[in-house]
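Morning, everyone. I'll go through a few spots, one by one.

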Amino acid sequence: MQDEELIAMLRLQNIPHIGDVTAKKLISHCGSAVEVFQEKIRILQRIGGIGSLMLQRLYDPAYLQTAEKEFKYISGKGISCLCYSDEAYPAYLKHCADGPILLFRRGNVRLAGRKIVSVVGTRNITGYGMDFCDRFIEELAPLQPVIVSGFAHGIDIRIQKAALDHGLQTVGCLAHGLNQVYPKDHQRYMPAIEKNGGFLTECWSTSHPNRENFLKRNRIIAGMSEATVVIESAEKGGSLVTADMAHGYDRDLFAVPGRVQDIFSRGCNNLIKQQKAHMLTSAADLIYLLNWEVKSTTPAVIQRQLFVEMDPSEKTIHTYLQKEGRQLLDTIAMECRMPVFKASSVLLTMEMKGIIRPFPGKLFEAM
């Protein structure tokens with residue numbers, strides 16, 4: 001994107017009452033952000049939803065000055081900018097009408113062709129939530145998804161730390177500019193996240209982590225992923241706002257159930273009860289419902305490798321399936337004396353090695 005176009009995009013983003021939907025409408029009509037400011041007012045007035053007050057602000061030089069100031073900051077800090085039409089812009093977010101026209105990026109965010117899942121939840125994480133975060137990431141790790149969250153206390157930072165521990169790319173969506181850190185004590189996690197993932201925000205350097213920005217940030221979390229997972233939530237809270245946004249975008253929504261008397265399971269239980277979210281008891285549920293099973297690209301007529309290295313867990317499952325034939329995931333876990341989450345993870349690894357074959361209904365057989 002040329003500097004002149006970026007300044008024009010910043011200018012559009014900064015004008016009150018010109019939201020992302022209207023900005024995209026103007027750019028689409030005129031051909032570029034630069035051309036929006038070159039077009040005659042009488043032409044712009046013909047565009048539906050464009051009022052006279054909005055047009056007066058469009059040509060106010062004060063917004064150009066602030067845009068140029070922010071451009072200078074961005075350029076000096078080496079922050080990359082993603083326009084909604086850029087190839088590197090999150091693909092799923094492009095399909096959201098209210099997706100930001102500009103995103104600011106820091107780190108090594110690589111999303112093209114990747115499986116992406118957002119995970120949110122309460123800041124008041126419990127032991128149950130911690131354990132589920134760790135197990136969930138362990139089970140998903142063989143598929144190498146990108147884990148998106150909000151970099152906040154509680155579920156957010158727990159899931160992002162777990163992703164880093166398993167070598168997964170993780171993206172933190174921020175409710176403030178890239179010139180600050182919130183919460184401040186998470187500064188220590190930033191280098192690791194920027195090395196294998198990074199941060200995205202639509203907020204300028206003049207923005208602060210206020211309620212409005214958190215609500216706007218939530219739509220990015222919900223919009224840039226194929227699915228959103230809620231792990232622990234009270235009856236009200238930001239994670240439920242994100243869940244509603246994901247539901248509104250017609251994305252798959254998952255919630256982890258908990259005991260009815262637990263305060264921080266009530267939000268998740270309600271999502272399941274209202275049939276807004278799928279019940280999630282392990283990563284295997286998400287993998288199955290999203291059809292994320294690893295598909296074999298080797299034609300059936302080609303003989304598989306005769307000798308494949310297997311660890312003890314893989315040998316146990318392979319021996320059992322060779323003896324018993326096609327079996328359910330739960331049965332495999334029980335007979336091989338493994339937790340379901342571990343059996344699911346082992347089976348995924350075996351599938352990628354070409355030594356077992358998956359079937360609908362969580363059935364597997366040895367090859």
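**A walk through the model**

Let's start with Ser 344, which sits in helix H17. Keep in mind that this is a predicted model. Is Ser 344 buried or exposed? Its relative accessible area is 7%. The cut-off for buried is under 20%, so Ser 344 is buried. Leaving aside residues up to four places away in sequence, Ser 344 touches Ala 284 and Leu 329.

Now, a partner of H17. Helix H15 covers residues 312–324, and H17 covers residues 340–353. Their axes come within 10 Å. They cross at roughly 85 degrees. That makes the two helices roughly perpendicular, because angles of 65 to 115 degrees count that way.

Which residues make the contact? From H15, they are Ser 313, Glu 314, Ile 317 and His 318. From H17, they are Lys 342, Ala 343, Val 346, Leu 347, Thr 349, Met 350 and Lys 353. By class, that contact has five nonpolar, three polar and three charged residues.

Stay on H15 for a moment. Lys 315 is in this helix. Its relative accessibility is 46%, so Lys 315 counts as partly exposed.

Next, the second largest pocket. Its volume is about 570 Å³. It is lined by 24 residues. Closest to its centre are Gln 13, Asn 14, Trp 204, Ser 207 and Lys 216. Helices H1 (3–14), H6 (61–77) and H11 (211–223) each give at least two residues to the lining. Which element has the largest share? That is H11, with four residues. The lining divides into six nonpolar, 11 polar and seven charged residues.

Last, some backbone details. Go to the loop between strand S5 (170–173) and helix H10 (190–195), where you will find Pro 183. The peptide bond from Tyr 182 to Pro 183 is cis, with omega near -5 degrees.

Then, two positive phi values. Phe 151 is not a glycine, yet its phi is about 65 degrees. It lies in the loop between strand S4 (146–149) and helix H9 (155–165). Asp 250 also has a positive phi, near 65 degrees, and is not a glycine either. Asp 250 lies in the loop between helix H12 (238–248) and strand S8 (252–255).

Now look at accessibility. Phe 151 is at 1%, so it is buried. Asp 250 is at 70%, so it counts as exposed.

Technical notes: Residues numbered from 1 in each chain as written. Predicted model: local features only at pLDDT ≥ 70, side-chain atom pairs only at ≥ 80, totals over all residues. Heavy atoms only, no water. Axes fitted to C-alpha atoms, helices over the stretch in contact; angles between N-to-C directions. Parallel < 35°, antiparallel > 145°, perpendicular 65-115°, else oblique. Contact = heavy atoms within 4.5 Å. Nonpolar A, V, L, I, M, F, W, Y, C, P; charged D, E, K, R; others polar. 1 Å grid on protein atoms, 1.4 Å probe; cavity = no way out; pocket = protein on both sides within 12 Å on 5 of 7 lines; lining within 4 Å. Points joined across faces, edges and corners; volume = space filled by probe spheres on them. Buried < 20%, exposed > 50% of the residue type's maximum accessible area, 1.4 Å probe, protein only.
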